[in-house]
Amino acid sequence: MQLRDYQQQAVDAAIAHFKQSQDSAVLVLPTGAGKSIVIAELARIARGRILVLTHVKELVAQNAEKVGLLTDEASIYSAGLKQKNTSNKTVVASIQSAVKNPVKFDEPYSLVIIDECHRVNADKDSQYQQLLSHLKQRNPKLKLLGLTATPYRLDSGWIYRHHYHGRMGNDQAPAFEQCIFELPIRPLIKQGYLTEPKLFDGLSAQYDFSELEPTATGEYREAEIDALLNVAGRATTAIVKQITQLASHKRGCIIFAATIRHAQEIINQLGDIAAGLITATTPSSERDEIIERFKQRQLKYLVNVAVLTTGFDAPHVDLIAILRPTASVSLFQQMIGRGLRICEGKSDCMIIDYAANGFDLFFPEVGQAKPDSKSVPVQVHCPVCDFANIFWGVVDNDGDLVEHFGRRCQAIIDTKQGKQQCDFRFRSKSCPQCGMENDIAAKICQHCDSVLVDPDKRLKEVLQQKHHHLFRCQDMLFEKHKDKLRVRYLDNQGNDFCCYFSFQTPAQIRAFYGIFVHKHTRTPGCKQPKLANIEQVIAAREAFRYPDLLLLKKNKKGWELVERFFDYQGRFHSEQKFA
């Protein structure tokens, strides 16, 4: 079997990395790129014993099959496949089965390969970390390689620390150290290795999940979804009707439902049409039978709830209907990936997002949760090192940057102390002890190790004193008042607090930039417009954001501004306190 060029490049990257480093590493290959072939080739050329781990029996079987095509047959250790053998050079195992009986893996392994490695976290009590700890006791020089299409977790960010393009990933105890190879999806489509996706928003109707708040892992609470869907019966009827119309000329359709109740409603709407339903509670034998009938095209529709996102391969699928919300671009890409495998006679795959998730399959991952539905990946150059960062942001109709939400430059630069992350911070808070900038969420100053006061704790202490008031901003207006600029902050009661700025001298203009522009700009770190008079500031008002909170103090002349709070996340966000 001849490897594709990018598969060989991924293998070469792994070999080159482990020849000079013990760091754990990640290969990023899109869904359908043939990760199992890369795994099989690495198993073929490896000198020692290899352990391949994954989380579903379908991937265990798939990886073992590909290993057998390229080299000696692999042992399989998986309760779901009713095989528990570790005798061969290469062992392919499910993590659930392996971690229950680690003594079966006492013989030293030289390399562990984890498929779908975005499921691995750094928690030492997790299944993967427990087994890896056991394996490293047998071989302290054990090498660890992960493969995934989506190297990001909503609860912790990037799964690696450094990217080979010179970008910082996750510096907060990631599961892997180095991303050593990454292939975007677009070249695979252009070269004919994947089917072209045609992505549409809901064409006849859409669910509005915008009021729901996702959990840290990007999921939504089932009870809240069901409550919303209870009043969206007409939408479900219209959506299912349109899906069946569109599928009349399609070969196979996968429908991703939001909850079990929602999935049952969809099945009922489909009526006597050949359709199967799979959920996490579907018995294994029944699930296997339904999937096999779908693959044999005895069923045209396959409705599922959070099941068929990985380890499922049915190349004839040419219609994906997403009827569930997700805050995870990774999960969104995994769902779409079910329809991108090539198949004879299949020219494209239609993907319809009825949940208005707002993700683009070709956009790069950003490494943070999407702030809101309007946000898209934007490129922001660092003013210090000129690195082109990718952050969430907002653009106008012409594609020009309106706002970005980046915190720190992602570049890895050469310093006298070696390679380090660029120090520039787009958003930050100052240490009261040394004055240096820190991340807006930092609790300890990275420069002097002083404890940074928790904003909520400080506000609570201050508001217990007399003559202090917490002003929660809802809007900000710019006005010309006599010969000064008046900035009016408004709260949700219609009260205002005003600040005044003069523009008569260069020193006053510089003061305006220092006090106002650099703190209120929607695009920190970017070149700011030249504002020399009040009229120019008013014309540029859309370039500025208002603070979340103002801390005010009463003096003899009225209210005095003590501090502005930007990027605030705390309990005072939703309640005003007076003292």
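This is a predicted model: local features need pLDDT of at least 70, side-chain atom pairs count only at pLDDT 80 or more; totals for chains, interfaces and linings use all residues.

Trainee: Why is Ser 375 called buried?

Mentor: Buried means under 20% relative accessible area. Ser 375 has 1% relative accessibility, so Ser 375 counts as buried. Ser 375 lies in the loop between strand 18 (348–353) and strand 19 (376–381). Leaving aside residues up to four places away in sequence, Ser 375 touches Lys 370, Trp 392, Gly 393 and Phe 405.

Trainee: Why do Lys 250 and Asp 348 count as a salt bridge?

Mentor: The definition asks for a side-chain nitrogen of Lys or Arg within 4 Å of a carboxyl oxygen of Asp or Glu. For Lys 250 and Asp 348 the N to O distance is 3.5 Å, so the pair meets the definition. Lys 250 lies in the loop between helix 8 (233–246) and strand 14 (253–256) and Asp 348 in strand 18, so the pair ties together parts that are 98 residues apart in sequence. Both Lys 250 and Asp 348 are buried.

Trainee: What is the N to O distance between Arg 427 and Asp 567, and are these residues buried or partly exposed?

Mentor: Their side chains meet in a salt bridge at 3.4 Å, N to O. This pair links distant parts of the chain, 140 residues apart. Arg 427, with a relative accessible area of 4%, is buried, whereas Asp 567, at 29% relative accessibility, counts as partly exposed.

Trainee: How do you know that strand 1 pairs with strand 12?

Mentor: Pairing requires at least two bridges between the strands. Four bridges join strand 1 to strand 12 (residues 176–182), so the strands count as paired. They run parallel, and Val 26 stands opposite Cys 179 in strand 12. Strand 1 also pairs in the parallel sense with strand 7 (residues 143–148), over four bridges; there Val 26 stands opposite Gly 146.

Trainee: What makes both faces of strand 1 covered?

Mentor: On one side Ala 25 and Leu 27 are buried, and on the other Val 26 and Val 28 are buried.

Trainee: Which residues have the most contacts inside the largest nonpolar core?

Mentor: They are Leu 29, Ile 113 and Leu 145, in a core of 65 residues. Apart from that core lies another, of 63 residues, among them Phe 176 and Tyr 301.

Terms used. Residues are numbered from 1 along each chain as its sequence is written. Side-chain values use heavy atoms; hydrogens and water are left out. A nonpolar core is a set of buried Ala, Val, Leu, Ile, Met, Phe, Trp, Tyr and Cys residues joined through side-chain atoms within 4.5 Å. Buried means under 20% relative accessible area, exposed over 50%, partly exposed in between (1.4 Å probe, protein chains only). Helices (H or I, at least four residues) and strands (E, at least two) are DSSP runs, numbered from the N terminus. Contact means heavy atoms within 4.5 Å.
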